[in-house]
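This briefing concerns a predicted model.

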Amino acid sequence: MSQQTSDKLVIGEREFTSRLMVGTGKYASMEQMVRAIEVSGAEVITVAVRRVNISDRSKESLLDHIDLKKYTLLPNTAGCYTADDAIRTCRLAREAGLSDFVKLEVLGDEKTLFPDNEELLKAAAVLVKEGFTVLPYTSDDPIVCKKLEDIGCAAVMPLGAPIGSGLGIRNPYNIRIIMDTVKVPVIVDAGVGTASDAAIAMELGCDGVLMNTGIAGARDPIAMAEAMNLAVRAGRLAYLAGRIPKKLYATASSPIEGTIS
Ligand SMILES: CC(=O)[C@@H](O)[C@H](O)COP(=O)(O)O
């Protein structure tokens, strides 16, 4: 079996072949979103619970456009600023039959959209106890990630950069420390701007990448979805293959030993 087919991403009791997770916001149309998701090869799709009409499922909803047999839905708590609000949103998502596999976001402020880690830890503790599989969006802080793992989160999702910024992986050193610190999967979430950002995250050894704006905001979202698909797979393969050590000086590519003088 090749590395590509045997190399699964395992989160809690779920298993995935693709290591790319994608969002559903900011597309020009539902048709464009559906096509981009398909081309991205993603199996996990995150949807803001606030965007789903859960009170009246007879009305048109974002979910009408997603093949729920094909994709794993990851409801998220985008727009929640307190633990209570995020907990309530997850409960609503579960009661409405969306999923108990949730991306937990508790934001600190509207300008940075950075996580409020204090509220995040509170919400994660409650939701894990209630049986949710919790994937928390957090800052790139190894101590917070360790606390989230100890609480029982199934993965940690440190930001690469602020949501929607496209700044890429701003602190690869912290991401590496997080990977040394926790045993649960590390999924870089937010800030990925282009394919090389995704490849860098994967080459660092991250278990996956979650993104939305980098694809939906591109001039050609379908082409970018394909680029991200390839970049995540290329980065993963390069990580598994093992990069050569960096050296200051040259080493000849054609060795001189054994040559005919
Ligand atoms: C879709 C979603 O969950 C976002 O909140 C996520 O954090 C992605 O961020 P980018 O839009 O920067 O990729």
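The ligand is surrounded by 14 residues, of which K103, G164, D189, N212 and T213 are the closest. By class, this shell comprises four nonpolar, seven polar and three charged residues.

- T213 places a polar side-chain atom 2.4 Å from an oxygen atom of the ligand.
- D189 likewise contributes through its side chain, with a polar atom 2.8 Å from a ligand oxygen atom.

**Burial of the ligand**

- Taken alone, the ligand exposes 360 Å², and the protein buries 92% of that area.

**Salt bridges**

- The structure contains 12 salt bridges.
- One of them joins the side chains of D7 and R19, with an N to O distance of 3.0 Å.
- D7 belongs to the loop between α1 (3–6) and β1 (9–11), while R19 belongs to the loop between β2 (14–16) and β3 (20–22); the pair therefore ties together parts that are 12 residues apart in sequence.

Definitions and conventions:
Residues are numbered from 1 along each chain as its sequence is written. This is a predicted model: local features need pLDDT of at least 70, side-chain atom pairs count only at pLDDT 80 or more; totals for chains, interfaces and linings use all residues. Side-chain values use heavy atoms; hydrogens and water are left out. A residue is near a molecule or strand if one of its heavy atoms lies within 4 Å of it. A polar contact is a pair of N or O atoms within 3.5 Å; within protein, one must be able to donate a hydrogen and the other to accept it, and residues adjacent in sequence count only if both atoms are side-chain atoms. Accessible areas come from the Shrake-Rupley method with a 1.4 Å probe; for residues, only the protein chains shown count as cover. Ala, Val, Leu, Ile, Met, Phe, Trp, Tyr, Cys and Pro count as nonpolar, Asp, Glu, Lys and Arg as charged, and the others, Gly among them, as polar. A salt bridge is a side-chain nitrogen of Lys or Arg within 4 Å of a carboxyl oxygen of Asp or Glu. Helices (H or I, at least four residues) and strands (E, at least two) are DSSP runs, numbered from the N terminus.
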